[in-house]
Amino acid sequence: DFITKYRTCRQQVRVSLGKVDHHEGMSSDDELPPTEMTEFQKSKDDILEDSRKIFEDVRVDFSDIGQILLKFQEWKEKFPDSYCDAYISLCLPKLLNPLIRAQLISWNPLEQNFVELEEMPWFRAIEEFSDAKNVSGSK
């Protein structure tokens, strides 16, 4: 099978290079040549730089999740019938999806100093909006 052939090939490369410190079953990502690691890091940096530019020409009212949810909360309070008729609870996930994805581009849960999802500003804004919705709904 493909995986066995790939592992055999990697093992032959390690043997030919004289690397005997590899333990079977351990990740071989550290064995990437420095040129590949440099290319990967450059590609990653380019993607992160491009992602920062996505919303640079957008007003904060339309690029900040907290501000967007505040507008919806105001709509719900002022015009509850039209808010309900527009099925906003079904629309919000699709509306916020690109904004959240843009913020998660650099998030890596495998890093030592990663931020928990629950601690991210967008998560807290959605959580507060949901709590406000539940409080006003219970009245």
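User: How many residues apart are Glu49 and Arg52 in helix H2?

Analyst: Glu49 and Arg52 are three residues apart in helix H2, so about one helical turn separates them. A helix here is a DSSP run of H or I with at least four residues, a strand is a run of E with at least two, and both are numbered from the N terminus. Residues are numbered from 1 along each chain as its sequence is written, and this is a predicted model. Local features need pLDDT of at least 70, side-chain atom pairs count only at pLDDT 80 or more, totals for chains, interfaces and linings use all residues, and side-chain values use heavy atoms, leaving out hydrogens and water.

User: How many helices and strands does the protein chain have?

Analyst: The protein chain has seven helices and zero strands. Read from the N terminus, the order of elements is α-α-α-α-α-α-α.

User: What joins the side chains of Glu49 and Arg52?

Analyst: Side chains of opposite charge can pair when their charged atoms come close. The term salt bridge is used for a side-chain nitrogen of Lys or Arg within 4 Å of a carboxyl oxygen of Asp or Glu. Glu49 and Arg52 meet in such a bridge, at 3.2 Å from N to O.

User: Are these two residues buried or exposed?

Analyst: Buried means under 20% relative accessible area, exposed means over 50%, and partly exposed lies in between (1.4 Å probe, protein chains only). Glu49 is partly exposed because its relative accessible area is 37%. Arg52, at 54%, counts as exposed. Across the protein chain, buried residues make up 18% of the 139 residues.

User: How many salt bridges does a search of the whole structure find?

Analyst: The search finds four salt bridges. One of them pairs Lys42 with Asp46, with the closest N and O atoms 3.1 Å apart. Both residues lie in helix H2, four residues apart, which is about one turn of the helix. Lys42 is exposed at 52% relative accessibility, and Asp46 is partly exposed at 36%.

User: Which residue forms a salt bridge with Asp61?

Analyst: Lys71 does, and the closest N and O atoms are 4.0 Å apart. This pair links distant parts of the chain: Asp61 is in helix H3 (residues 60-63) and Lys71 is in helix H4 (residues 65-78), ten residues apart. Salt bridges with shared partners join Arg59, Asp61 and Lys71 into one network. Lys71 is partly exposed, at 42% relative accessible area.

User: What lies 2.7 Å from a polar atom of the Ser51 side chain?

Analyst: The backbone oxygen of Leu48 lies at that distance. Ser51 is in helix H2 (residues 34-53). At 14% relative accessibility, Ser51 counts as buried.

User: Which residues form the negative surface patch?

Analyst: A patch uses residues with over 30% relative accessible area and no salt bridge; like charges are joined within 9 Å, and nonpolar side chains within 5 Å. Asp and Glu count as negative. Here the negative patch is formed by Glu116, Glu118, Glu119, Glu127, Glu128 and Asp131. Glu118 lies in the loop between helix H6 (88-104) and helix H7 (121-138), and is partly exposed at 47%.

User: Where is Tyr87 placed?

Analyst: Tyr87 is in the loop between helix H5 (80-85) and H6. Its phi is positive, about 55°, although Tyr87 is not a glycine. Tyr87 is exposed, with a relative accessible area of 57%.

Terms used
A polar contact is a pair of N or O atoms within 3.5 Å; within protein, one must be able to donate a hydrogen and the other to accept it, and residues adjacent in sequence count only if both atoms are side-chain atoms. Accessible areas come from the Shrake-Rupley method with a 1.4 Å probe; for residues, only the protein chains shown count as cover. The place of a charge is taken as NZ of Lys, CZ of Arg, CG of Asp or CD of Glu.
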